[in-house]
Amino acid sequence: MTLARRIIPCLDVREGRVVKGTRFRDHRDMGDIVELAERYAREGADELVFYDITASPEGRGVDVDWVERVARAIDIPFCVAGGIRSVDTARAVLHAGADKVSVNTPATQRPALVGELADAFGVQCVVVGVDSLRDADGQWRIRQFTGSPEATRALPTTTLDWVREVVGLGAGEVVLNCMGSDGVRDGYDVEQLTAVRSLCPVPLVASGGAGAPQHFVDVFREADVDGALAATVFHDGSIPIPSLKRTLADAGIEVRS
Amino acid sequence: MRVALVDGGGTNIGSVSYALERLGATSRLTADPADILAADRVILPGVGAAGAGMRRLRELGLVDTLAQVQAPLLGVCLGMQLLFERSAEDGGVATLGLVPGEVVGIPGGQGVRVPHMGWNALTGLADDPLLAGIEDGDRAYFVHSYAAAPSAHTLARTVHGEPWTAVVRSGLRWGAQFHPERSASVGARLLRNFLVEVDR
């Protein structure tokens, strides 16, 4: 037995509540953050990601009260994303009990942030989220400000170059969000993840496209990722985590049961 | 029971104290030598790098204090690594020397990602009160880039490319390379054992 592949539900947080909807509009309240976190922990999630959607677009820092409430309640690791732009914000979030912080757009604006976080807290606390889309010329390139379609900006940096760069700067984990497959529920972007995997020596987490248990089997088997992140299929109950774990185990994939 | 949580500046201090709270135990976060020496249990948490961790313990004047602790002592993650004699991190650092052995970088390779991050199996479990109720193959949450090779002091191993020490003991000093505070029921059991089983 060796290291298990991780199943990671992602929860959007707004003002301390879990919400669902398009990132900026029509938020539907999904419930209390602690109750949902406890439920996922109980069901066998290996880790949780909380994406603070209030913090990021509004330029606010993360409200650490809910981070502390989650840290008190659950006994599995969790990562906080959204709104982390400095070593000081990251410190507040980590001291409140988060195990990792994830940076995305702020790292594209100022890549040195990744190294500053790694120096301050160690690479194991530093996750870099990468939003990536294939352009017309066939190259995958990164995007920033992806919270809303109007704000999203394409950058000239290719995804492969960016992953190499952030790993060199001190990213201890990379979450690759494949925007082309995100929300489509037609499977992870195995081709892109495989390409990134081949040059990524740190843990790699797949994001975007989960719609069926077989998609998880495929992404672990074919792209050799360390974890798979999903939101909708877990929140709407269409893929219960215990049965997903059984499907993966039956397919010969190492999981924590 | 007085549980002293040594304030070595690591970011997992809150998480460890919450895990103890979930077990109904209260702990005192302290860097005061008298507090630490008066405690019934001492926990040295830690996240970060060995160089900064040792510097902080020296600045606080806690290096000798930790050597004087007679009560059961538990190092967690970096806290466990600091119990050894030496770490290769930060170009080589002399550490507390309370447990024989040294800490080296985990070599990465095909299929072996560094940091070692996630739920790995505990194997080769020794019969020890700290591991009461924990079974071979149970998984715990690891996140680290440095580790100690297995030795006569190893109580449990985990395999990441090669076998590594997951739990270690020398006298009344124990260490867990994984994070019991984030290892679900397995971690809770280990912490509970540390509070109630180890000095029976």
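This passage walks through the two chains of a predicted model, a β-α-β unit in chain A, and the contact between the chains.

Local features were taken only at pLDDT of at least 70 and side-chain atom pairs only at pLDDT 80 or more, while totals for chains, interfaces and linings use all residues. Residues are numbered from 1 along each chain as its sequence is written, and chains are lettered from A in the order in which they are written.

Chain A comes with 10 helices and 12 strands; helices (H or I, at least four residues) and strands (E, at least two) are DSSP runs, numbered from the N terminus. Buried residues (20 or more other C-beta atoms within 10 Å of their own, with C-beta atoms placed from the backbone) account for 51% of chain A. Of the contacts in chain A with a separation of 6 or more, 63% link residues 24 or more positions apart; a contact here means C-beta atoms, placed from the backbone, within 7 Å.

Chain B has 6 helices and 13 strands. At 15 Å, its radius of gyration is close to the 16 Å from the globule rule for 200 residues, so chain B is as compact as a globular protein of that length. The C-alpha trace of chain B spans about 50 × 40 × 30 Å along its principal axes, and 55% of its residues are buried.

Back in chain A, strand β6 (residues 100-103) is covered on both faces, with A:Lys100 and A:Ser102 buried on one side and A:Val101 and A:Val103 on the other. Strand β5 (residues 78-81) runs parallel to β6(A), joined by 3 bridges (pairing takes at least two DSSP bridges), and A:Cys79 has A:Lys100 as its bridge partner. Together with α3(A), these strands make a right-handed β-α-β unit, meaning that, with the strands pointing away from the viewer, the path from the first strand over the helix to the second runs clockwise. Strand β7 (residues 126-134) also runs parallel to β6(A), through 3 bridges, and A:Val101 stands opposite A:Val126.

As for the contact between the chains, chain A puts in 28 residues and chain B 32. On the chain A side, α2 (64-73) and α3 (87-95) each supply at least two residues.

Technical notes. A residue is buried if 20 or more other C-beta atoms lie within 10 Å of its own, exposed if 12 or fewer, and partly exposed in between; C-beta atoms are placed from the backbone. The radius of gyration is taken over C-alpha atoms; the globule rule is 2.2 Å times the number of residues to the power 0.38.
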